[in-house]
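Visitor: I would like to learn how structural terms are assigned. Please show me an example and let me ask about it.

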Amino acid sequence: MSAGPGAPVPLLLVGLHGHGRSHLRSLLPLARAGTVRLAGVCDRVPPAAGDDMEGHGEVPYFEDLPTALKRTGARVTVLATPIHTHLPLALTALEHGSHLLLEKPTTATLAELDRLVEAVDASGLACQVGFQSLGSAAVDAVRALIAEGAVGRVRGIGGRGAWKRTSAYYGRAPWAGRRRLDGRDVVDGAITNPFAHATATALALTGDGAQAPAGIELDLYRAHPIESDDTSALRLRTAGGTTVSVAVTLCAPHSDPPVLVVHGERGRIELEYTLDRVTVHRPGRAPRSAVHPRRHLVADLVDHLRHGTPLLVPPAATRGFMHVLEAVRTGPDPRPIGPGHQRVWEEDGVVHRTVDGVADLVARAAESLSLFRELDVPWARTTLEAHP
């Protein structure tokens, strides 16, 4: 289904609170440019009195999705909702003839991804997945550097992420930090949600985003009193044979931009994927940095509808990441990090937790392509969970 040029595309935002506010803000420039028109918002919780919708002004509000789709005639639906609701809400939007921008992670299980792909293909509609970092020209820039041999043969890609999240982060919604809720898989852990971009972007750098990894090793832990992981490492071998290691924590003293490091025999390439910044380090030369533009994924979806250009992130392009999510989902529960290895304090009714030395630990893991238990960490388990 194509959309000709001219009038703005009517868009429905599902999920008004939480991350939905980020979508409202990011859509405002597109609305001002005439690319889209915010035709309505949908959420079980209504907007507060006087809410200006992050600058969009008065916008029709709906409590249920079918009604919203019928009354707005939305050509595009943006789903910024809990992970376990992605598939059912996506199917509802497709049944009403609406194209989709679906927040990451794509679905809560690998089987649900298959159902989504089948439904999208059968509908003839378009679906874009909200891995924003994959809209960055920095990804192509790094791939070009690798292809031209800028740092020699690639030994592997290491990712590190160190953010601080408090009890307020996990108290914001019933599904936050849960592996399952009311019998449904949720899989809201550090690896699968806040740092999902690290794995997905690393796989994009190797060209394996749509391929199942040849093997996955997990090392999952939690310091917060939650079900899911908040301090974890994974190592996978891509279908093409590249080693990718990602180490992350939500229990750092403060938050720093996450980094992917392409380790080469003659240097390294660093991609700060939230900043779209690429830095090349080679022996005997000064580091060379460049910041690259980023394509808005809704604008890319509208271009696809109007001109038939390929989507940047169709659901099938996230299959490699979804295999990682599936390994986390079906693996054992994360192991707790004992109180003797963390600092805990309360401030203004919010509990803060910092794991001792964790920022340095994730950096070491990314540098050496290691899991935590291989780095002599006292709280790390002594056996690995491997997934073929």
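Visitor: What makes strands β7 and β12 a pair?

Guide: Two strands pair if DSSP finds at least two bridges between them. Strand β7 (residues 154-162) and β12 have six bridges, in the parallel sense. So they pass the rule of at least two bridges. Strands here are DSSP runs of E with at least two residues, and helices are runs of H or I with at least four, numbered from the N terminus.

Visitor: Where do these numbers and this model come from?

Guide: The model is predicted: local features need pLDDT of at least 70, side-chain atom pairs count only at pLDDT 80 or more, and totals for chains, interfaces and linings use all residues. Residues are numbered from 1 along each chain as its sequence is written, and side-chain values use heavy atoms, with hydrogens and water left out.

Visitor: In which sense do β11 and β12 pair, parallel or antiparallel?

Guide: Antiparallel, over seven bridges, with β11 spanning residues 231-237. A247 in β12 is the bridge partner of A233. The hairpin of β11 and β12 has five residues between the strands, and G241 takes a positive phi near 100 degrees there.

Visitor: Why is β12 called mostly covered?

Guide: Buried means under 20% relative accessible area, exposed means over 50%, and partly exposed lies in between (1.4 Å probe, protein chains only). In β12 (residues 243-249), six of the seven residues are buried.

Visitor: How do you know how many disulfides there are?

Guide: A disulfide is a pair of cysteine sulfur atoms within 2.5 Å. The sulfur of C42 has its closest cysteine sulfur in C127, 17 Å away, so that is too far for a bond. The structure therefore holds zero disulfides. C42 is buried, at a relative accessible area of 3%. C127 is buried too, at 2%.

Visitor: Why is the pair of F131 and F321 called edge-to-face?

Guide: Rings of Phe, Tyr and Trp (its six-membered ring) pair if their centres lie within 6.5 Å; planes under 30 degrees apart count as stacked, over 60 as edge-to-face and the rest as tilted. By this rule there are six aromatic pairs. F131 and F321 have ring centres 5.3 Å apart and planes at 75 degrees, so the pair is edge-to-face. F131 lies in the loop between β6 (127-130) and α5, and F321 in helix α9 (residues 319-330), so the pair ties together parts 190 residues apart in sequence. Both are buried: F131 has a relative accessible area of 0%, and F321 has 1%.

Visitor: What makes the pair of W163 and F195 tilted?

Guide: Their planes are 35 degrees apart, and their centres 4.3 Å. W163 and F195 are both buried.

Visitor: Which residues do ring pairs link into a cluster?

Guide: Y221, F372 and W379.

Visitor: How do you know which residues line the second largest pocket?

Guide: On a 1 Å grid over the protein atoms alone, a pocket is an open set of points where a 1.4 Å probe fits, with protein on both sides within 12 Å along at least five of seven lines; lining residues have an atom within 4 Å of a point. For the second largest pocket, 20 residues line it, and L134, V139, R143, A204 and L312 lie nearest its centre. Helix α5 (137-147) is one of its suppliers and gives the most, with four residues.
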